[in-house]
Amino acid sequence: MSACDARLAFSFEVYPPKTVAAASALTRTIDHLAAAGPEFISVTYGANGSSRNSSLDVLRYIKDQTSADAMAHLTCVGSSHTEASRLIREFLDAGIRSFLAVRGDAPQGAAPDDTTFLGDLHSAGELVQLIHRVQAERVPYTETVIPGLPSARGVKTERSKVRIGVAAFPNGHPNSRSVTQDIDTLLAKQAAGANLAITQLFFHADDYLSFIQRARSAGVLFPILPGIMPVTSPNRLRRILQLSGEKLPAELSIELEVEPTEQGQRQIGIDYAVRLSQDVLAGGAPGLHLYAFNQHDTVLSILEGCGARPVPAAMP
Ligand code: FAD
């Protein structure tokens, strides 16, 4: 059961640390996040596998030292089919059963249609299939007799035990030619065996809610978690817009620019994220996925603002 006293499902996202000091700070952050009772804590994967070992270390910490489920992001970037299979097997051997399969981004300066950075796998859908295949190869084949059929049919009962999330883009992927293409891509990921999606950040509830409506009409069945990113300074807003290609949210931008104190800016970001979260939850969102930026206090304040009260962690 969740450690929160309101029935709100939520998850967190962190990134692998770059220094020893950051690694030790992150374990404390994870302790606080895990104590709030998330569905899972996901750990991003750096471009070109640059964070392979540190991602796995963080995932192992979540899995072995906390009660939270650890979700590993994996990308298609730079791997041959054999290398990608080996990597997936390594994560499965470490006990990881939840994945977020993403394609990964081209290096800075690459042309939008350049796919040479990818390797053998060219889309998140192919990575989803590969995770299922590698998982299926690890478990014994189980024969199940289906009554009424002339002969026994075999099914691999373990297949459904892997949770595989994928990315969704309420305002369209920057390379997407049309809204239809984004929905078709999501359908392709579903067909490949994904059972969850997490959205790119967005700034208006209607961006998410209208996207869900279009996805449901097209036949997307799995839960689509809204990705909520606290924007607690004008610098962070600029950086996020640069990375995501989202449009400038004028109202939030002005509020942050005119507020002179860091504390005030932080509160503006929290209040904005709380309103956004409340609106998407009221519109039927199945929960919240909170981008934690490797800090616990801001995202826990957002949960509190949404009426979920994480139990204070008894930690050093
Ligand atoms: P895909 O689903 O493969 O799609 C990429 C593009 O190809 C889109 O334009 C899509 O429309 C098009 N496309 C795909 N399939 C088809 C098809 N069958 N027919 C036509 N067009 C198609 N990046 C990292 O490097 N590490 C991370 O840890 C990471 N985590 C992320 C977490 C979330 C929640 C999100 C939203 C993104 C994350 N990313 C991460 C970024 C992601 O790698 C990029 O956004 C990438 O450009 C797209 O990834 P994708 O999985 O959506 O790709």
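Colleague: How many aromatic pairs does the structure hold?

Modeller: A word on the model first: it's predicted, local features need pLDDT of at least 70 and side-chain atom pairs count only at pLDDT 80 or more, while totals for chains, interfaces and linings use all residues. Residues are numbered from 1 along each chain as its sequence is written, and side-chain values use heavy atoms, with hydrogens and water left out. Rings of Phe, Tyr and Trp (its six-membered ring) pair if their centres lie within 6.5 Å; planes under 30 degrees apart are stacked, over 60 edge-to-face, and the rest tilted. The number of aromatic pairs here is two.

Colleague: Why is the pair of Phe-202 and Tyr-208 stacked?

Modeller: Both Phe-202 and Tyr-208 are buried, meaning under 20% relative accessible area, with exposed over 50% and partly exposed in between (1.4 Å probe, protein chains only). Their ring centres are 5.6 Å apart, and the pair is stacked because the planes are at 15°.

Colleague: Which residue has its charged end over the ring of Phe-293?

Modeller: Phe-293 is in the loop between strand S11 (288-291) and helix H10 (297-305); helices (H or I, at least four residues) and strands (E, at least two) are DSSP runs, numbered from the N terminus. Phe-293 counts as partly exposed because its relative accessibility is 24%. A charge sits over a ring if NZ of Lys or CZ of Arg is within 6 Å of the ring centre and within 35 degrees of the ring normal. At 3.6 Å from the centre of the Phe-293 ring, the charged end belongs to Arg-236.

Colleague: What phi does Asn-294 have?

Modeller: Asn-294 lies in the loop between S11 and H10, and Asn-294 counts as buried because its relative accessibility is 14%. Phe-293 is not a glycine but has a positive phi of about 50°. Asn-294 is not a glycine either, and its phi is positive, about 60°.

Colleague: How far apart are the end C-alpha atoms of helix H4?

Modeller: The expected span of a helix is 1.5 Å times one less than its number of residues. H4 has 15 residues (124-138), so it should span 21 Å, and the distance between its end C-alpha atoms agrees: 21 Å.

Colleague: In S8, which residue is the bridge partner of Ala-167?

Modeller: Two strands pair if DSSP finds at least two bridges between them; S7 and S8 run parallel, joined by four bridges. On strand S8 (residues 196-199), Leu-196 and Ile-198 point one way and Ala-197 and Thr-199 the other, and all are buried. The S8 partner of Ala-167 is Ile-198.

Colleague: And in S9, what is the bridge partner of Ile-198?

Modeller: S8 also runs parallel to strand S9 (residues 224-225), with two bridges joining them. S8, helix H6 (residues 205-218) and S9 form a right-handed β-α-β unit; right-handed means that, with the strands pointing away from the viewer, the path from the first strand over the helix to the second runs clockwise. The S9 partner of Ile-198 is Leu-225.
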